[in-house]
Amino acid sequence: MHAAPEIKVHVTRHEETCVLTVRGEVDHDDAEDFEAAWEAADRAALPVTAVDLSQVSFADSMLLNALLGARRRHLADGRDLVVLGPLQPAVRRLLTISGTLDHFHVVDAGNGRVDGTAS
């Protein structure tokens, strides 16, 4: 018997914020789950979407592309997109090497420190 696949992204609502909580290693195999999560967040159309990446140990271009797409949609709709950390080394490296870290408002949820700035 095979174990059920782990759900790596959860969507919840907290007042005026839609929160996507992401866990574990994230790659192209998870694209369908992420697409469904982003669709739910976009349908909710709340003023703020927060993406908690503090528990992501690995991410590839699928996550990067999803974040950039969400950023474009949020800017076009006049909504805020916030990335919650602290970012694990692999995720920080992905955003840094791609030159996109400064495109996101990154907040260390543990202490409220802002690590990046949104443009």
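Is Lys-8 buried or exposed, and what is its relative accessible area? In this predicted model, Lys-8 has a relative accessible area of 17% and is therefore classed as buried, the cut-off being under 20%. The residue lies in the segment before β1 (9–14), and its side chain is joined to that of Asp-30 by a polar contact of 3.4 Å. Apart from neighbours within four places in sequence, the residues in contact with Lys-8 are Thr-21, Val-22, Arg-23, Glu-25 and Asp-30.

The largest nonpolar core comprises 29 residues, among which Trp-38 and Leu-53 touch the most other members. Two or more residues are given to this core by each of β2 (17–26), α1 (31–44), β3 (48–59), α2 (61–77), β4 (80–85) and α3 (89–97), with the largest share, six residues, coming from α2. When residues up to four places away in sequence are not counted, Leu-53 touches Val-22, Leu-63, Leu-67, Val-83, Leu-84, Pro-86, Leu-87 and Val-91. A second, separate core of five residues includes Val-19, Val-82, Leu-84 and Val-107.

Helix α2 contains 17 residues and reaches 24 Å from its first C-alpha to its last, close to the 24 Å expected at 1.5 Å a residue. Its N-terminal end is capped by Asp-60, a side-chain oxygen of which lies 2.9 Å from the backbone nitrogen of Met-62, whereas just after the helix Gly-78 adopts a positive phi of about 70°. The buried residues of α2 are Met-62, Leu-63, Leu-64, Ala-66, Leu-67, Gly-69, Ala-70, Arg-71 and His-74, and the elements that cover them include β2, α1, β3, β4 and α3.

Methods:
Residues numbered from 1 in each chain as written. Predicted model: local features only at pLDDT ≥ 70, side-chain atom pairs only at ≥ 80, totals over all residues. Heavy atoms only, no water. Helix = DSSP H or I, 4+ residues; strand = E, 2+ residues; numbered from the N terminus. Buried < 20%, exposed > 50% of the residue type's maximum accessible area, 1.4 Å probe, protein only. Polar contact = N/O pair within 3.5 Å; in protein donor to acceptor, adjacent residues only side chain to side chain. Contact = heavy atoms within 4.5 Å. Core = buried A, V, L, I, M, F, W, Y, C linked by side-chain atoms within 4.5 Å. Expected span 1.5 Å × (residues − 1).
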